[in-house]
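Thanks for making time this morning. I would like to walk you through one model, so please have the sequence and the structure open while I talk.

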Amino acid sequence: MSQKFDELKQQEETLLCRTYGRYPIAVSHGKGSRLYDFDGKEYIDLLTGIAVTALGHANEEISQVIEKQARKLTHVSNLFYQEEQLILAKNLLSTAHFNKAFFCNSGAEANEAAIKLARRYQQRVKMRDAYEIITFTGCFHGRTLATVAATGQEKFQDGFSPMPEGFKQIEWGDLELLEKTISPKTAGILIEIIQGEGGIRPVTETFIKGIETLCRKHGLAFMVDEVQTGLCRTGKFWAFQNFNVTPDILTTAKALANGLPMGAMICTEEFSQGFVTGSHATTFGAGALVSAVANKGIEIMKRDKLADRAAKLGKQAMERFKKVSQNCPGKIKEIRGLGLMIGIELTFQGKEVWEELMKQGFILNLTQEKVLRLLPALTIDDNDLELFANALEKILKTK
Ligand SMILES: *Cc1c(COP(=O)(O)O)cnc(C)c1O
């Protein structure tokens, strides 16, 4: 490792709170699906900062918008009317059946907004004393106190008690148990269409449709957390559009402004009644700069039909990975995903394989200890995925 890397590692340990286990790479710059460290070593980025830079690093069109907007207006707060924010809202809402948007700055905040909206809708519009949100094992909804409570995993809650009340978690996929868990206190159900941190676990059509049916039957908010799955990644603009369902509330963030922090909660007219002036707010939400960038990003996604591209490339890649699996018997347990959100579950602890891939210049994530998680740019070259498949095959053959 270079001196520069050692220097940064040392500084990180001295200066920053110890919250992150970092990869042994210090990134200097990037372009498209390539990242470079300070020694000039080139990496193929199959992770995109955890599904964030979906249009690639240093995207030329995005960079131009950043530069232009930065010289015009960056932020004035939500005390003012801002054109950029409204252009974005129109563009974003045109992607589905939703009518209204609330902008914020991250995935966790988007989920906070959804949870607050579901509760307030029940309590102030429906006049029901309902507050409980039901989530599912293996989920991930963020790191604020409420979203950590929703996430329900001990490792994220350790030392932070007491957790906010009003969250119930049940087994993923169990509709019978779900119906039994619903009570007069239930306000809504929150689910990822494909669990990301949970190891790339897609819902089944039966499961998600069953959830919708139960929400309608009991008057609950049907909420989908598309922070990771949204914005063309799964082969549709939103992952729920792969199934024949219409959620009431959707959250998005990660890829929304291609690397600038931004989140949004979008909802139907009906549920939007849950908020009135003063109900909820954020200082930064949808400032002119991030809004202009997000708007350009969505424009590019639509113009270049990146959802279709993700579907096509993802299908190709999954087929190729299945060949890898056949060529390396006993090594791969399952290949899962939709579009360019792909998990390759190994039959054994994946740390060594993951490290070797990184050494060979492939950046991806290992989740649930055995799942190689791929979240490449929607603009990635298919040859990059082929290079990765070749490298993986070679490594697996030695294991
Ligand atoms: C990343 C993620 C979040 C949290 O987003 P932050 O921007 O880190 O707060 C929430 N839900 C899902 C599904 C995610 O993948």
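Predicted model: local features only at pLDDT ≥ 70, side-chain atom pairs only at ≥ 80, totals over all residues.

In helix H12, Leu313, Gln316, Ala317, Arg320, Phe321, Val324 and Asn327 meet a set of residues in helix H14, among them Leu385, Phe388, Ala389, Leu392 and Leu396, where contact means heavy atoms within 4.5 Å, and where helices (H or I, at least four residues) and strands (E, at least two) are DSSP runs numbered from the N terminus. Residues are numbered from 1 along each chain as its sequence is written, and side-chain values use heavy atoms, with hydrogens and water left out.

How do H12 and H14 pack? H12, residues 306-327, and H14, residues 382-397, pack at an angle of about 15° with their axes 10 Å apart; the axes are lines fitted to C-alpha atoms, for helices over the stretch in contact, and angles run from 0 to 180 degrees between N-to-C directions. The two helices are therefore roughly parallel to each other, a label used for angles under 35 degrees, with over 145 being roughly antiparallel, 65 to 115 roughly perpendicular and the rest oblique.

Let me turn to the annotation. Under "binding site", an unreviewed UniProt entry lists Gly107, Ala108, Phe140, Asp225, Glu226, Val227, Gln228 and Thr283, and such annotations may be inferred rather than shown by experiment. They span 177 residues in sequence and the farthest two C-alpha atoms are 25.2 Å apart, so they do not all gather at one spot.

Phe140 lies in the loop between strand E5 (132-136) and helix H6 (145-151), and, not counting residues up to four places away in sequence, Phe140 touches Thr151, Phe156, Glu192, Glu197 and Asp225.

Thr283, by contrast, counts as exposed at 53% relative accessibility. Thr283 is found in the loop between helix H10 (269-272) and helix H11 (288-303), and, leaving aside neighbours within four places in sequence, is in contact with His75, Ser77 and Asn78.

Finally, Thr147 lies in helix H6 and is buried, with a relative accessible area of 0%; residues that Thr147 touches include Ala108, Asn111 and Glu112.

Technical notes: Buried < 20%, exposed > 50% of the residue type's maximum accessible area, 1.4 Å probe, protein only.
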